Amino acid sequence: MTLTLIVGNKKYSSWSFRPWLALCVAGIPFEEKVIPFETEEFKREVGGVSGTGKVPVLIDGDIRVWESLAILEYVAEKFPQAGLWPKDVAARAHARVVANEMHAGFQAMRNHLSMNFARRVIKRDLTPEVIANVRRIEALWADCRARFGKGGPFLLGAFSNADAMYAPVVGRFYTYDVDVGEETRAYMKTIMTLPAWQQWVAAGIKEPWLFAEDEVDWPQTHNLT
Ligand SMILES: N[C@@H](CCC(=O)N[C@@H](CS)C(=O)NCC(=O)O)C(=O)O
């Protein structure tokens with residue numbers, strides 16, 4: 001039975017991007033269904049399968065999983081060979097810590113720097129709360145890399161669910177030209193050169209749907225063509 005992942009607009013849907021990227025990088029076959037926000041189709045289709053009425057949602061036969069982190073857990077359990085959580089117990093515990101920190105936190109950064117893959121790269125002034133989020137994320141990434149990253153260029157060495165959870169943050173740091181250190185830039189490059197990353201971004205740019213709340217500095221910062 002093929003998995004189906006329902007996602008929202010690729011330009012904006014940061015929670016959708018996480019499991020989509022993990023499935024692609026892990027080479028797990030799935031069908032994607034893009035359903036644009038604020039449509040009757042979204043209400044009907046997503047409302048019918050997701051307890052929260054939000055995306056992403058994974059459908060596996062009779063099983064429906066919503067909440068991005070629950071989807072990542074489900075997929076890691078169903079496809080253990082994909083290695084979406086590190087094998088080493090300490091690295092795995094830490095991967096879960098940082099994935100949960102992302103799922104539950106960084107509200108200021110999420111509100112102020114919404115993911116938008118069609119926005120031209122232009123710096124935005126940051127509030128002290130957003131700067132504190134950025135610094136925490138940089139420290140967290142550096143700590144992962146120093147303690148567990150010897151085996152590869154990702155947070156815990158090989159690609160894991162922790163990288164999937166932070167992928168939209170990479171997009172935000174890039175899009176809003178956030179001042180970050182060299183080590184952070186190197187990690188951003190690792191993520192942004194993933195073929196799956198590029199595929200998602202290209203599809204997002206082509207999408208025709210625009211939302212005013214995500215386009216506060218429209219039109220001078222847009223890059224739709
Ligand atoms: N905690 C949820 C957040 C899901 C979420 O906020 N999804 C947004 C898109 S990124 C959504 O579906 N918004 C549409 C709506 O609220 O109508 C998760 O991790 O999946």
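What share of the contacts in the chain with a separation of 6 or more comes from residues 24 or more positions apart? Which residues are around the ligand?

Analyst: This is a predicted model, in which local features need pLDDT of at least 70 and side-chain atom pairs count only at pLDDT 80 or more, while totals for chains, interfaces and linings use all residues. Residues are numbered from 1 along each chain as its sequence is written.

Residues 24 or more positions apart account for 69% of the contacts with a separation of 6 or more, two residues being in contact if their C-beta atoms, placed from the backbone, lie within 7 Å. The chain has nine helices and four strands; helices (H or I, at least four residues) and strands (E, at least two) are DSSP runs, numbered from the N terminus. Their order along the sequence is β-α-β-α-β-β-α-α-α-α-α-α-α. The radius of gyration of the chain is 17 Å, close to the 17 Å that the globule rule gives for 225 residues, so the chain is as compact as a globular protein of that length. That radius is taken over C-alpha atoms, and the rule is 2.2 Å times the number of residues to the power 0.38.

Turning to the ligand, the residues around it are G8, S13, S14, W15, S16, F37, K54, V55, P56, E67, S68 and L69. A residue belongs to this shell if its C-beta atom, placed from the backbone, lies within 6 Å of the molecule. Helix 1 (14-26) and helix 3 (68-78) each supply at least two residues, and helix 1 gives the most, with three. By class, the shell holds five nonpolar, five polar and two charged residues. Here Ala, Val, Leu, Ile, Met, Phe, Trp, Tyr, Cys and Pro count as nonpolar, Asp, Glu, Lys and Arg as charged, and the others, Gly among them, as polar.

Backbone geometry deserves attention at two places in the shell. V55 and P56 are joined by a cis peptide bond, with omega about 5 degrees, and P56 lies in the loop between helix 2 (40-49) and strand 3 (57-60). E67, in the loop between strand 4 (63-66) and helix 3, has a phi near 75 degrees, a positive value in a residue other than glycine. E67 is partly exposed, with 19 other C-beta atoms within 10 Å; a residue is buried if 20 or more other C-beta atoms, placed from the backbone, lie within 10 Å of its own, exposed if 12 or fewer, and partly exposed in between. Buried residues make up 38% of the 225 residues in the chain.
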